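This briefing is for reading beside the model. The notes below are grouped by topic.

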Amino acid sequence: MGQIIKGKPVADSISEDLTKKVEMLKTKGVAPKLTIVRVGVNPSDLAYERGALKRFASIGIATEVKELSLEITQGDFISELEKINKDDSVNGILIFRPLPKQLDEKVIKYIIAPEKDVDCLSPVNVAKVMENDATGFAPCTPSAVMEILKYYNVPMKGKKAVVVGRSMVVGKPVSMLFLNENATVTICHSKTQDIPTVCEDGDILVVGIGKAKMIDSSYVKCGAVVIDVGINVDENGNMCGDVDTEDCLDKVSMLTPVPEGVGSVTTSILAKHVVKACIQQNRI
Ligand code: NAP
């Protein structure tokens, strides 16, 4: 029987460490701050925002939310963003995505200041993930995957990591982070042939596809560590991942649950990135 590895101990351990760092920064007269840019009142953005504000308050990081109208023009959005870029009291910026249609992410990603871009929207940070440049910011969800593996002492060096999904927020960056840890990486997507056989090769299997419980035990190697990034709603209206936990649990060594898995670590990673941004900007 495999072990269910939850996110909460990982998140708590990161927060505990950050609380000490923030106290140290405050003794030097520096107070880290995040600005959240939210366009409209999307319920899932609001839920994430509530979780982040609570976590940040407990760590001692200041926050500010810029709620912008759903009808905001591209020009007005860019001038708001430029103001936050220039505001020296702000160390990190999180922009909720997807943005409404009139706002072009392909333009906006070049406007956000890379040194404040704590969730890897800027191409500068994408490149730093590729280059394994520690001054950059990987997206929070892939970083949460790596923190979970490290917290539970899962070896990555020389291991085979299989990633299902190739989006810019999950699959591609997590694959690069595995490579940076000296794992051997295979990436699957919707056109990959015979995915179960490819997945069965993985010592570590990370799934981020948005297909409720698609990954059953036929995809999983005996003793594998499985990280389920998916967030879906099942036939009974309950939240579930991309992995069929019940079916896989006997075969795996460790598996993250949904809910209470990867998703519960991301706000702590966001906090970690804001503190890192603050330290870098103040050359501490
Ligand atoms: P996305 O942009 O829709 O990308 C999905 C990826 O999965 C694509 O690369 C797609 O392949 C691949 N895919 C879809 N169906 C497939 C199949 N049947 N077999 C193999 N590959 C398949 O989604 P995303 O933003 O990466 O999110 C993925 C999941 O993670 C969603 O459930 C999302 O809610 C969740 N998520 C969770 C967190 C968290 O904090 N826990 C954060 C972000 C996202 P193609 O490229 O070929 O189309």
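Arg283 is exposed, with a relative accessible area of 77%. The model is a predicted one, and Arg283 belongs to the segment that follows helix 10. Arg283 is not a glycine, yet its phi is positive, at about 50°.

- Asp194 likewise is not a glycine and has a positive phi, of about 55°.
- The loop that holds Asp194 runs between strand 6 (184-188) and helix 8 (195-199).
- Pro98 sits in the loop between strand 4 (92-95) and helix 4 (105-108).
- Val258 and Pro259 are joined by a cis peptide bond as well, with omega at about 0°.
- Pro259 is part of the loop between strand 11 (254-255) and helix 10.

**Ligand site**

- The ligand is surrounded by 21 residues, of which Arg166, Ser167, Ser190, Val229 and Ile231 are the closest.
- By class, this shell is made up of eight nonpolar, eleven polar and two charged residues.
- Arg166 places a polar side-chain atom 2.7 Å from an oxygen atom of the ligand.
- Ser167 also uses its side chain: one of its polar atoms is 2.5 Å from an oxygen atom of the ligand.

**Domains and nonpolar core**

- The protein is split into domain 1, covering 29-114, and domain 2, covering 140-264.
- Taken over C-alpha atoms, the centres of domain 1 and domain 2 are 29 Å apart.
- The largest nonpolar core has 51 residues, and the members that touch the most others are Val145, Leu149, Phe178, Val206 and Ile227.
- Helix 10 (residues 266-281) supplies eight residues, the largest share of this core.
- The core lies between domain 1 (29-114) and domain 2 (140-264), because both give residues to it.

- Asn232 is located in strand 9 (residues 232-233).
- The relative accessibility of Asn232 is 10%, so it falls under the 20% limit for a buried residue.
- A polar atom of the Asn232 side chain is 3.0 Å from the backbone oxygen of Gly241.

**Pairs separated in sequence**

- Where does Asn238 lie? Asn238 is in the loop between strand 9 and strand 10 (239-240).
- Asn238 is partly exposed, at 44% relative accessibility.
- From Asn238 to Pro259 there are 21 residues in sequence, and their C-alpha atoms are 9.6 Å apart in space.
- Is His273 buried or exposed? His273 counts as buried, with a relative accessibility of 8%.
- His273 is a residue of helix 10.
- Along the chain, His273 and Gly92 are 181 residues apart, while 7.8 Å separates their C-alpha atoms.
- Ile36 is found in strand 2 (residues 33-39).
- With a relative accessible area of 0%, Ile36 is buried.
- Ile36 and Ile61 are 25 residues apart in sequence, and the distance from C-alpha to C-alpha is 13 Å.

**Points to check against the model**

- For the ligand, the side-chain distances to look up are 2.7 Å for Arg166 and 2.5 Å for Ser167.
- For helix 10, the items include its eight core residues and the buried His273.

Notes
Residues are numbered from 1 along each chain as its sequence is written. This is a predicted model: local features need pLDDT of at least 70, side-chain atom pairs count only at pLDDT 80 or more; totals for chains, interfaces and linings use all residues. Side-chain values use heavy atoms; hydrogens and water are left out. A residue is near a molecule or strand if one of its heavy atoms lies within 4 Å of it. A polar contact is a pair of N or O atoms within 3.5 Å; within protein, one must be able to donate a hydrogen and the other to accept it, and residues adjacent in sequence count only if both atoms are side-chain atoms. Ala, Val, Leu, Ile, Met, Phe, Trp, Tyr, Cys and Pro count as nonpolar, Asp, Glu, Lys and Arg as charged, and the others, Gly among them, as polar. Domain bounds come from an automatic or database domain assignment. A nonpolar core is a set of buried Ala, Val, Leu, Ile, Met, Phe, Trp, Tyr and Cys residues joined through side-chain atoms within 4.5 Å. Buried means under 20% relative accessible area, exposed over 50%, partly exposed in between (1.4 Å probe, protein chains only). Helices (H or I, at least four residues) and strands (E, at least two) are DSSP runs, numbered from the N terminus.
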